[in-house]
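User: I would like to learn how to read a structure like this one. Please take me through its features in turn.

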Amino acid sequence: MLNSRNLISVAIATILFSGYAFAQNAVIVNGKAIPKTQLDKLVQKSGQPDNPQVRDQAREMLVTKELILQEADKRGVIQNESVREQLEQSRVGILVAAVFEDYVQKEGVTEAELKTAYESVKAQYTGKEYHVEHILVEKESDAKAIILQVKAGANFEDIAKAKSKDPGSAPNGGDLAWVTEKSLVPEFSKAMVQIKPGQISDKPVKSQYGWHIIKVVDTRDMKAPSFDELKDQLKQMISSDQNWQKAKFSEMMQKLRAKAKIQ
């Protein structure tokens, strides 16, 4: 027989073990324990910050799922032929997608396809790039006054920091870095390409944002990124094309059939 000391030890061990077991579970539904790892995985997949509110929402999703599964088992709907057929179709569909995705990752996009795509993208890198600074103000009169100040020797970058209304470039002295003609609003681009390096626009340029004083720091011929730099992007671009996917799926099935023994 257990003495009182042993009974107390057993009780304490039971409490501690129960607490440990509970800590390993996210929730228990009708006696069915759902591991905490499932909750952690669901929170991670949600892409949201891990906080009590998100965890509560994820826990409710797990409870809902478990209740449906238990009710389906209780009602015996899994034995329904139509349900079984639909489950099998879903299973096959998931496996088809997974097999094709793995095929694409390992051998779908060929080096030749990547190089062809690269040459197509590379051809788009024509023309010039412009290293540009600008000062943006609301009134034309203010813009004209700034142009006179700069031509009289005032520092363009200092004025941009003090007066430009562009929050992105003002702290950097109005610097927009290297841009292309097509990357800017038409009014700005039209004036920019006519300015020589080291000079500013003779007149303020009006756009939807206000009045610009434009300074072209330098120009250079546009240069395409290297093949290696674009390789991953090219692979993603090619593999997301629906026509390419259809052709590759057909190719994959032909290879599988060629290796199979079909009687």
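Analyst: Start with burial. Buried means under 20% relative accessible area, exposed over 50%, and partly exposed in between, with a 1.4 Å probe and protein chains only. Two ground rules come next. This is a predicted model, so local features need pLDDT of at least 70 and side-chain atom pairs count only at pLDDT 80 or more, while totals for chains, interfaces and linings use all residues. Residues are numbered from 1 along each chain as its sequence is written, and side-chain values use heavy atoms, with hydrogens and water left out.

User: Are Tyr 118 and Phe 227 buried or exposed?

Analyst: Both Tyr 118 and Phe 227 are buried.

User: How do I read an aromatic pair, and how many does the structure hold?

Analyst: Rings of Phe, Tyr and Trp (its six-membered ring) pair if their centres lie within 6.5 Å; planes under 30 degrees apart count as stacked, over 60 as edge-to-face and the rest as tilted. The structure holds 2 such pairs. In one, Phe 100 and Phe 249 sit edge-to-face, 5.6 Å centre to centre with 70 degrees between the planes. Helices and strands are DSSP runs (H or I, at least four residues, for helices; E, at least two, for strands), numbered from the N terminus. Phe 100 lies in helix H4 and Phe 249 in helix H10, so this pair ties together parts 149 residues apart in sequence. Phe 100 is buried, at 15% relative accessible area. Phe 249 is partly exposed, at 31%.

User: What is the geometry of the rings of Tyr 118 and Phe 227?

Analyst: Their centres are 5.6 Å apart and their planes stand at 85 degrees, so the pair is edge-to-face. Tyr 118 belongs to helix H5 and Phe 227 to helix H9, so the pair ties together parts 109 residues apart in sequence.

User: Now the core. Which residues have the most contacts inside the largest one?

Analyst: A nonpolar core is a set of buried Ala, Val, Leu, Ile, Met, Phe, Trp, Tyr and Cys residues joined through side-chain atoms within 4.5 Å. The largest has 14 residues, and Leu 114, Leu 234 and Ile 238 have the most contacts inside it. Helices H4 (81-108), H5 (111-122), H9 (227-239) and H10 (242-259) each supply at least two of its residues. A second, separate core has 12 residues, including Ile 135, Val 137, Ile 159 and Ala 160.

User: What does Leu 114 touch?

Analyst: Contact means heavy atoms within 4.5 Å. Not counting residues up to four places away in sequence, Leu 114 touches Val 109, Phe 227, Lys 231, Leu 234, Lys 235 and Ile 238.

User: And Glu 66: where is its place, and what is it in contact with?

Analyst: Glu 66 is in helix H3 (residues 52-75). This residue is buried, with a relative accessible area of 9%. Leaving aside neighbours within four places in sequence, Glu 66 is in contact with Val 29, Lys 32 and Ile 34.

User: How is a pocket found, and which residues line the largest one?

Analyst: Rolling a probe the size of a water molecule over the atoms shows where empty space is left. On a 1 Å grid over the protein atoms alone, with a 1.4 Å probe, a pocket is an open set of points with protein on both sides within 12 Å along at least five of seven lines; lining residues have an atom within 4 Å of a point. Here the lining is Phe 100, Glu 101, Val 104, Gln 105, Asp 232, Lys 235, Gln 236, Ser 239, Trp 244 and Gln 245. H4, H9 and H10 are the elements that give two or more residues to this lining.

User: What about Gln 105: buried or exposed?

Analyst: Gln 105 counts as exposed, at 51% relative accessibility. Its place is in helix H4.

User: Last, backbone angles. Where do Asn 30 and Ala 177 lie?

Analyst: Asn 30 lies in the loop between strand S1 (25-29) and strand S2 (32-35). Phi of Asn 30 is near 50 degrees, a positive value in a residue other than glycine. Asn 30 is exposed, at 66% relative accessible area. Ala 177 is found in strand S4 (residues 175-180). Phi of Ala 177 is also positive, near 65 degrees. Ala 177 is partly exposed, at 36%.
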